[in-house]
Amino acid sequence: MLECCKFSHAALPLALVTAIAPALAGAGEALLEPGRYCVEVRIELPHLSDTDATKEVVICVDAGKDPTAALRALSTNNPLADCPVHGHRISGDTIHFEVACKGTNAAKGSAVFQLDHDSYRGRIVMKMGGKNMTMTEHQTGRRVGPCNPR
């Protein structure tokens, strides 16, 4: 486990979440503060027990860029990681959006995240294109400081 990812899940809200910054929120205050986030990512496969794979990653939510570039499917070899996001719906501290890759039988997903200014929790339900396979990526992230300079 990454040192920055050692935190209590109890400190985070219990709802679902995805992070979009002030530009998408359309409000004066950001729904998610820009900075470096340590994110625990867990993949869940339905109808299979003991298959949950967990990893930790560090992402940067940049105030000057579209935050969906950092807040996306983060699991290893995930086809949705580079696919376009659309259909943002914001209700209070919760954001819903869709992800769809281009092409016939392409992967697609539906996300819902709950933001708490310096932490977030959410999930992306994914259907792999051309296959009868669905899985859910769960994310729990917390801000650990500013983004590292490039």
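**Disulfides and strands**

Mentor: Happy to. The count comes to two disulfides, a disulfide being a pair of cysteine sulfur atoms within 2.5 Å. This is a predicted model, where local features need pLDDT of at least 70, side-chain atom pairs count only at pLDDT 80 or more, and totals for chains, interfaces and linings use all residues. Residues are numbered from 1 along each chain as its sequence is written, and side-chain values use heavy atoms, with hydrogens and water left out.

Trainee: Thanks! Which residue is joined to Cys-60?

Mentor: Cys-60 is joined to Cys-147, with an S to S distance of 1.7 Å. That link is right-handed, with 105° about the S-S bond. It ties together distant parts of the chain, 87 residues apart: Cys-60 sits in strand β2 (residues 53-61), and Cys-147 in the segment after β7 (133-145). Strands here are DSSP runs of E with at least two residues, and helices are runs of H or I with at least four, numbered from the N terminus.

Trainee: And how accessible is Cys-60?

Mentor: Cys-60 is partly exposed at 22% relative accessible area. Cys-147 is also partly exposed, at 25%. For the cut-offs, buried means under 20% relative accessible area, exposed means over 50%, and partly exposed lies in between (1.4 Å probe, protein chains only).

Trainee: OK, next pair. What does Cys-83 bond to?

Mentor: Its disulfide partner is Cys-101, again with S to S at 1.7 Å. The link of Cys-83 and Cys-101 is right-handed, with 85° about the S-S bond. Cys-83 lies in the loop between β2 and β3 (85-91), while Cys-101 lies in the loop between β4 (94-100) and β5 (108-115), 18 residues away.

Trainee: Is Cys-83 buried or exposed?

Mentor: Cys-83 is buried, and Cys-101 is buried too.

Trainee: Switching to strands: why is β5 described as largely enclosed?

Mentor: Because six of its eight residues are buried, β5 is largely enclosed by the rest of the structure.

Trainee: Which way do β4 and β5 run?

Mentor: They run antiparallel, joined by seven bridges; two strands pair if DSSP finds at least two bridges between them. As an example, Thr-94 has Gln-114 in β5 as its bridge partner.

Trainee: And what about β5 with β6?

Mentor: Strand β6 (residues 119-128) pairs with β5 in the antiparallel sense over eight bridges. Ala-111 stands opposite Ile-124 in β6.

Trainee: How many residues sit between β5 and β6?

Mentor: Three, and the two strands form a hairpin. In the turn, His-117 has a positive phi of about 55°.
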